[in-house]
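Have the viewer open as you read.

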Amino acid sequence: KRLNDAFLAMVPNPNDPTVKAAYAAMSKETIDQYQELINDGYTFEFKDTEPYANSQEMIDDLRNNKHLFILSTEAEFGNEPITDQQRTENPLLQDSGFKDVNGKTLLINDVFRGTHDFYGHSELGNSFGTKGEENAWQVHARMYSPLARRAMTMETRAQNAFVNFSGVNDKIGGLREEARKLREEGDEEGAKKIVEQIYKEGMFGPQKVGLVA
């Protein structure tokens, strides 16, 4: 909750030298991590809508197929379409130099989504819920230098603090629990419908280029 308060109070400052250095370091280190996954034979593919019904589907795809769908940044970047100003100010919206298996250009933010899902979520089976996202940050943050970690924390832990502790998504918590119970009862179709509702109604944090820690 304290982190959410700090996130909301933080004024974006993309031209601050420390902010620029942190995001540059995060971008470089993320690209290096992604290259390692490519070298290991993993493939990545764009989706314009949420590609998995739950975290386990994603983890199974990675572990069984060495394949991962990435939710396209161009299609889903917060609650609003990407603006021209954001493309200028946000280093993560630049071309990563990579393409997916279908030849589509990956932005650095797309590459980060792929590496975070792999290292943060799939390695230890961390879910997309409140605890799972915190654990994913804990795991993945250790792979970054101290400077890069500051930007990476902003893009994960700080934004998730808003999603989970600002109050805008209080209803979502109950829906997640309902979906979990339906899965336990074997009603995958019912759970899927609730997940679709969650993605439709859920609110993301405002996109800010800055540092909270």
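Start with a cut-off: a residue is called buried when its relative accessible area is under 20%, and a salt bridge needs a side-chain nitrogen of Lys or Arg within 4 Å of a carboxyl oxygen of Asp or Glu. Keep in mind that this is a predicted model.

With that in hand, go to Lys208, in the segment after helix H9 (188-201). Lys208 is buried, yet no salt bridge goes with it. How far away is the nearest side chain of opposite charge? That side chain belongs to Asp5, and it sits 11 Å away. What the Lys208 side chain does reach is the backbone oxygen of Leu8, at 3.1 Å. Leaving aside residues up to four places away in sequence, Lys208 touches Phe7, Leu8, Ala9, Met10, Pro12, Tyr23, Met154 and Glu155.

Asn109, Phe112 and His116 in H5 meet Met152, Glu155 and Thr156 in H7. Helix H5 covers residues 108-122 and helix H7 residues 146-165; their axes are 13 Å apart and the packing angle is about 75 degrees. So H5 and H7 run roughly perpendicular to each other.

Now for the charges that do find a partner. In general, side chains of opposite charge can pair when their charged atoms come close. How many salt bridges are there by the 4 Å rule? The count is three.

Another salt bridge joins Glu74 to Arg87, with the closest N and O atoms 2.8 Å apart. Here too the pair links distant parts of the chain: Glu74 is in the loop between strand S2 (67-71) and helix H4 (84-89), while Arg87 is in helix H4, 13 residues apart. Glu74 is partly exposed at 43% relative accessibility, as is Arg87 at 32%.

Then there's Asp32 with Lys28, bridged at 3.0 Å, N to O. Both lie in helix H2 (residues 17-39), four residues apart, or about one turn of the helix. Asp32 is partly exposed at 39% relative accessibility, whereas Lys28, at 53%, counts as exposed.

Definitions and conventions:
Residues numbered from 1 in each chain as written. Predicted model: local features only at pLDDT ≥ 70, side-chain atom pairs only at ≥ 80, totals over all residues. Heavy atoms only, no water. Helix = DSSP H or I, 4+ residues; strand = E, 2+ residues; numbered from the N terminus. Buried < 20%, exposed > 50% of the residue type's maximum accessible area, 1.4 Å probe, protein only. Lys, Arg positive; Asp, Glu negative; His and termini not counted. Polar contact = N/O pair within 3.5 Å; in protein donor to acceptor, adjacent residues only side chain to side chain. Contact = heavy atoms within 4.5 Å. Axes fitted to C-alpha atoms, helices over the stretch in contact; angles between N-to-C directions. Parallel < 35°, antiparallel > 145°, perpendicular 65-115°, else oblique.
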